Structures are given as C-alpha cells and as structure tokens.
Amino acid sequence: MFRSSLGFKCSNVASLIVAKDDKGKYETINDAVEAAPNYSKLIIFVKEGIYYEVVWISSTKTNITLGEGRDKTIITGSLNKVDNVDTFNSATLAVDGDGFIGQDICIRNTAGPEKHQAVALRVSGDNSILYLCGIEGYQDTLYADNRKQFYRECYITGKVDFICGDATAVFQKCHIEARKPLHGQENVITAQKRESQDDTNANDTNETNAYFVTITYSRRWSWVCRQRYLHPKTQPARKNIRPWLSV
C-alpha cells in the first residue's frame, strides 16, 4: 500500500511498479510512462535505486510518480550545453503533461559545473506539484518553464541561475543550497523570464531556507521579470545578499 502525504484521492495501490530487481513489472521509468494510458491519473511507483535514464513525460501523460524517498529513488543524467544539447532538452526529467505530481524522488544532472547549462528537472505542464523531492545540479538545475507549479519541502541545489524559467511557481518550505561556483562566477538563485508586463508570472518563495556564502537572489533573464521572497530564512548573515544581478 502506497499512500500520498499530499492528500490526493487514489486507490493507494500503485498501478505500475518500476524496480531494479525482479519485484516490479518495469525496469525503467520510461517503460512505465510509455505503458501508462494517455490522460489517466494513475500511480507509477518507482522503488529504491539509481536510474540512469533521461525521462520524458509527454503532454498526453498525466501520471502521479512516487518514489521511496529523495535519498533512495534517484533519476540521474548528464546532458548539457557544452556537449551540444540545448538547455531546454538537457533535462534528466522533462514533464510536459498537465497535473503531474512527483513525490519522494531525486532528480539529478551530474554534468558538473564546467558543462554550464545542464537541467535536472524541466516542468512545462500546468498545475504541477513536487513534494519532498530533491532537484540537484549546477547551472539551470530547475527549469520551471511556464504555467502554474508548486514545490513543497523540496531540496534544490545549484550554482548559477539554478531556478529559472517563466512559470508562475511557488516554493514553500523548501531548502535551497548554493554550491561553490567556478572561478569568476557568483551564485545566483533565480533567473525569472517574464517577458511582458501583462503577464502574471512570477516566482514566489515562502518560508524557504537558503544556505550559501555569498549570494545574489535573482538575475534578470528579461527586463520585466518578477521574483518575490516571503519570509526567507538565510544562512549565513544577510550582509552577503544582493537582490538583483543585471543581465
């Protein structure tokens, strides 16, 4: 029996099980996603293990994906800009389906800081939720591409622009940690890309912990971008914070 702490209604029994051993019907997450019926809300349960694959959840897939914990169920890839993969397509996990819910999984891009733009998670579907997830990388770690997204109690790490995109995204009680940048770089948490004054898009962080040595909260990816920090809890002292870095 698999229960969700988010409170959404389901049968509490996984419809599809992915496992590295013989205890699941599928050995890869992509196989389970492909097998899922289109436009059906079902649970894909990914058992403990490290899954070396690039996963795409297309616009026809509206699945719930549950793992056994962000330190146990790990999806990892290493696509990156230096090796001729554009930022949008470098994601280890790319979500285009609406209504996606991810819980208790870790998504990584291990390309490293020298490879520049290398996305761990790209979310383009509407009404997406990630809860108790790890999102780990270096540059452009989380590409919150567009539409409405909600992140609760997630661990997000990177070095430059590691939360980026044009989504209306809310981060609540998350843990944001900056990694050591390359020589000549500086840590920048967000690069928000609101392109019109008529857009309602913005990033909101609420009661979120941020850990760093020296940090710039945001970089202007466009001239009408918008970023709000509500009740941030920062380590160490605020004297090392700058609100904006120019494009």
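Guide: A salt bridge here is a side-chain nitrogen of Lys or Arg within 4 Å of a carboxyl oxygen of Asp or Glu. This is a predicted model, in which local features need pLDDT of at least 70, side-chain atom pairs count only at pLDDT 80 or more, and totals for chains, interfaces and linings use all residues. Residues are numbered from 1 along each chain as its sequence is written, and side-chain values use heavy atoms, with hydrogens and water left out.

Visitor: OK, how many salt bridges does a search of the whole structure find?
Guide: The search finds six salt bridges. One of them joins the side chains of R147 and D98, at 3.2 Å from N to O. R147 sits in the loop between β13 and β14 (148-152) and D98 in the loop between β7 (93-95) and β8 (101-103), so this pair ties together parts that are 49 residues apart in sequence. The strands named here are DSSP runs (E, at least two residues), as are helices (H or I, at least four), and both are numbered from the N terminus.

Visitor: And is R147 buried or exposed, or partly exposed?
Guide: R147 is partly exposed, with a relative accessible area of 39%, and D98 is partly exposed too, at 33%. Buried means under 20% relative accessible area, exposed means over 50%, and partly exposed lies in between (1.4 Å probe, protein chains only).

Visitor: Which side chain does D126 meet in a salt bridge?
Guide: The partner of D126 is K148, at 3.1 Å from N to O. This pair links distant parts of the chain, since D126 is in the loop between β10 (121-123) and β11 while K148 is in strand β14, 22 residues apart. D126 counts as buried, at 13% relative accessibility, whereas K148 counts as partly exposed, at 42%.

Visitor: What about E153?
Guide: E153 forms a salt bridge with R152, and their closest N and O atoms are 2.9 Å apart. E153 is partly exposed, with a relative accessible area of 29%, and R152 counts as partly exposed at 22%.

Visitor: Switching topic, which residues have a positive phi without being glycine?
Guide: Among them are D140, with phi near 60°, and D161, with phi of about 50°. As background, most residues other than glycine have a negative phi. D140 is found in the loop between β12 (134-136) and β13 (142-144), while D161 is placed in strand β16 (residues 160-165). D140 counts as buried at 7% relative accessibility, and D161 counts as buried at 5%.

Visitor: Which residues are on the covered face of strand β18?
Guide: In β18 (residues 175-178) the covered face has I176 and A178, and the uncovered face has H175 and E177. In a regular strand the side chains alternate between the two faces of the sheet. Strand β15 (residues 155-158) pairs with β18 in the parallel sense over four bridges (two strands pair if DSSP finds at least two bridges between them). Y155 stands opposite H175 in β18.

Visitor: Last one: where does L130 lie?
Guide: L130 lies in strand β11 (residues 128-131), and it counts as buried at 0% relative accessibility. The C-alpha atoms of L130 and C154 are separated by 7.4 Å, although these residues are 24 residues apart along the chain.
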